[in-house]
Amino acid sequence: MQESTVQQRSTVAPKTTLDIRLLVVDIDGTIAGESNSISPAVKQAITAAQQKGIRVAIATGRMYRSALRFHQEIGANLPLLAYQGAWIQDPATDTIHRHLTVSFEMAHKLLDYFEQPELRKLLSVHFYINDDLYVRELTTETEIYAQRSGITPIPVGDLRQMTDNEPTKVLALCDDKDVIDQLLGNLRRQYTPADLYLTKSVATFFEATNPFVNKGAGVRYLAEELLGLQPTNVMTIGDNFNDVEMLEYAGLGVAMGNAPPQVQAIAQWVAPNVEQDGVAVAIEKFLLC
């Protein structure tokens, strides 16, 4: 995809005159593609933005420990937003600014749903507790996930026995995208946004967090409460449904060219895809010109 084509797919103009002082980026599908690493072009663009005085932060669905190397690689000096913003921690001080969990009641209801006979054999279920990953068993999907995340899963059998701490996030994986779509649709009919925040971070990941959690709320906390900024001072870049709220919040929300059409449609601009260094193109266009 060439930049001229991307510009033609731009949807709406930025909301007002912008003075971007904070850039928040997603990891997977945004700054990291198939290689699971950040390209030199993207790192150079982020560094150039930082040299202009623009603060840079990461907002991801990943675990804090899994996201930390990306935070360090881009030289970020702000708190890291992990688990869709359910866990906000400053690596420099280890201060946890926010940690919102899924109640035991809701987590067990989700397990009841996942363990229906027709679903149990299809789904790999993950509980994230105190930044550790607990699974009922090691499946192929879990092993692939663990390799990319750099995390060692802890198999425990019945996840209901994990009663010491509530999970930060509940995730169900399935290679069949239709199963995940059906799962998301059914559970959104069963639970309201006041019960759970339900989303997809990739087509094969169903994710559930505390109802007050989403990346938009996390970016708002970072911008307004910690930095004293307004939405017009914020630019966000993401590629999937779990990025929608932060794209909507920001004065300038940029979707990646590899984002689903529904995500691209709510963005102010659509960048080239992750393998074409779309983040670098967006930074150069809006922050370095």
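I count two strands as paired if DSSP finds at least two bridges between them. Strands (E, at least two residues) and helices (H or I, at least four) are DSSP runs, numbered from the N terminus.

**Ground rules.** The model is predicted, so I take local features only at pLDDT of at least 70 and side-chain atom pairs only at pLDDT 80 or more, while totals for chains, interfaces and linings use all residues. Residues are numbered from 1 along each chain as its sequence is written, and side-chain values use heavy atoms, with hydrogens and water left out.

**Entry: strand β12.** I began with the bridge partner of I237 in β13, which is V254. β12 (residues 234–238) and β13 (residues 252–255) pair in the parallel sense over 4 bridges. β1 also pairs with β12 in the parallel sense, over 4 bridges. There V24 stands opposite T236.

I then looked up burial. I call a residue buried under 20% relative accessible area, exposed over 50%, and partly exposed in between (1.4 Å probe, protein chains only). In β12, 5 of 5 residues are buried. Both faces are covered: V234, T236 and G238 lie on one side, M235 and I237 on the other.

Entry: In soluble globular proteins, nonpolar side chains tend to be buried together.

I listed the contacts of L23 (heavy atoms within 4.5 Å). Beyond its neighbours within four places in sequence, L23 touches I54, R55, V56, A57, M235, I237, I283 and L287.

**Entry: the six-stranded sheet.** I traced an open sheet of 6 strands in the order β8-β7-β6-β9-β11-β10, with mixed pairing. Its edge strands are β8 (154–155) and β10 (197–200), each pairing on one side only. β6 (residues 124–129) and β9 (residues 169–173) pair in the antiparallel sense over 5 bridges. S124 stands opposite L173 in β9.

Helix α4 (residues 104–114) lies across β6, β9 and β11 (205–209), and runs at about 170° to β6. That angle comes from axes fitted to C-alpha atoms, for helices over the stretch in contact, and runs from 0 to 180 degrees between N-to-C directions.

**Entry: aromatic rings.** I paired rings of Phe, Tyr and Trp (its six-membered ring) with centres within 6.5 Å; planes under 30 degrees apart are stacked, over 60 edge-to-face, the rest tilted. The count comes to 7 aromatic pairs. Y64 and W87 have ring centres 6.4 Å apart and planes at 25°, so the pair is stacked. Y64 lies in helix α3 (residues 64–73) and W87 in strand β4 (residues 87–90), so the pair ties together parts 23 residues apart in sequence. Y64 and W87 are buried. Y64 and W87 also belong to one aromatic cluster with Y83, Y128, Y145 and F205.

W269 and F286 form an edge-to-face pair, 5.3 Å centre to centre with 85° between the planes. W269 sits in strand β14 (residues 269–270) and F286 in helix α11, 17 residues apart.

**Entry: charges over rings.** My rule is NZ of Lys or CZ of Arg within 6 Å of the ring centre and within 35 degrees of the ring normal. The charged end of K285 sits over the ring of F286, 5.5 Å from its centre. The charged end of R98 sits over the ring of Y221, 4.5 Å from its centre.

**Entry: loops.** I checked the loop between β14 and α11, where D277 is found. Phi of D277 is near 60°, a positive value in a residue other than glycine. D277 is partly exposed, at 23% relative accessible area. P272 has its place in the loop between β14 and α11, and is buried at 3%.
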